[in-house]
Amino acid sequence: MMSMMNNDVKDDRSLAEQIATALAEGIITGRIAPGERLLQDRLAAEFRASHVPVREAFRRLEAQGLAIIEPRKGVRAAPLDPPAVTEAAKMRAVLEPLALREGAARLTSADLQRMDALIDAESSAQGIEALEQLNAQFHRALVEHCRMPYLLSSIADLHRISARHLFAAWQKLDWQARSNDEHRRIVAALRAGDVEAACTALAAHIVDAGTALADVLRGR
């Protein structure tokens, strides 16, 4: 009996993760519009799930800043929010350099070559989905060796907030060439063994990008 209950819990968690991932992708890319209602009954039917994993998925989205749960009103995709972009950027500018410092000693020449390849791919990529995916891979490559899973989870949540707003505003931003140059400076500092310079460049890169994105969203 206990084994069956444990399997039910695991199934619910797996479904909740699947539902949350699908909804997060829709919200980040704009396929689910800001403020759009997320209907529990419809999602339960779509994923052939009970309401339990759907509610858990909603809680995960709320924790990631992608949804708002309103008592007696339901759940909706979070609105676009320039202050949230600025806050996420300031937090990332602290957490990502921390992760880089913690993992820099474990970076190999192959890691740096992979970063070079990602930057080269960014230079020729077309469309925001490809660009954002490459950008996310680059930033993840910088921090993934820190061996601090809670820190990496927090960084990933903050990156989702930034990415979601970038999808909404990217056509009004002249950012890609500058971003590529800043990425190259970070890698050059790491290759030279100057971790502090790389961390300083990374923090400035994140804050500047967040400020530019928030300004566009405010209509400046």
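Modeller: Helices (H or I, at least four residues) and strands (E, at least two) are DSSP runs, numbered from the N terminus. Residues are numbered from 1 along each chain as its sequence is written, and side-chain values use heavy atoms, with hydrogens and water left out. This is a predicted model, in which local features need pLDDT of at least 70 and side-chain atom pairs count only at pLDDT 80 or more, while totals for chains, interfaces and linings use all residues.

Colleague: In which helix does Arg92 lie, and is Arg92 buried or exposed?

Modeller: Arg92 lies in helix H4. Buried means under 20% relative accessible area, exposed over 50% and partly exposed in between, with a 1.4 Å probe and protein chains only. The relative accessible area of Arg92 is 7%, so Arg92 is buried.

Colleague: Which residues does Arg92 touch, not counting residues up to four places away in sequence?

Modeller: Contact means heavy atoms within 4.5 Å. With residues up to four places away in sequence not counted, Arg92 touches Pro97, His139, Leu158, His159, Ser162 and Ile206.

Colleague: How do the axes of H4 and H6 cross, and which residues make the contact?

Modeller: Axes are lines fitted to C-alpha atoms, for helices over the stretch in contact, and angles run from 0 to 180 degrees between N-to-C directions. The axes of H4 and H6 come within 7 Å and cross at roughly 50°. Angles under 35 degrees count as roughly parallel, over 145 as roughly antiparallel, 65 to 115 as roughly perpendicular and the rest as oblique, so H4 is oblique to H6. The contact is made by Arg92, Glu96, Ala99 and Leu100 of H4 and by His139, Leu142 and Val143 of H6.

Colleague: Why is H5 roughly antiparallel to H8?

Modeller: Helix H5 covers residues 109-124 and helix H8 covers residues 176-191, and their axes are 10 Å apart. Among the residues in the contact are Leu112, Met115 and Ile119 of H5, with Val187 and Leu190 of H8. The two helices pack at an angle of about 170°, which makes H5 roughly antiparallel to H8.

Colleague: Where does Ala104 lie, and how far apart in space are Ala104 and Cys146?

Modeller: Ala104 lies in the loop between helix H4 (82-103) and H5. Ala104 has a relative accessible area of 15%, so this residue is buried. Ala104 and Cys146 are 42 residues apart in sequence, but C-alpha to C-alpha they are 7.6 Å apart in space.

Colleague: What is the phi of Arg48, and what is the phi of Arg147?

Modeller: Most residues other than glycine have a negative phi. Arg48 is in the loop between helix H2 (40-46) and helix H3 (51-63), and it is exposed at 79% relative accessibility. Arg147 is in the loop between helix H6 (128-143) and helix H7 (149-169), and it is exposed at 66%. Neither is a glycine, yet phi is positive in both, about 50° for Arg48 and about 60° for Arg147.

Colleague: How many helices and strands does the protein chain have, and what is its radius of gyration?

Modeller: The protein chain has nine helices and three strands. The radius of gyration is taken over C-alpha atoms, and the globule rule is 2.2 Å times the number of residues to the power 0.38. For 220 residues the rule gives 17 Å, and the chain is close to that, so it is as compact as a globular protein of that length, with a radius of gyration of 19 Å.
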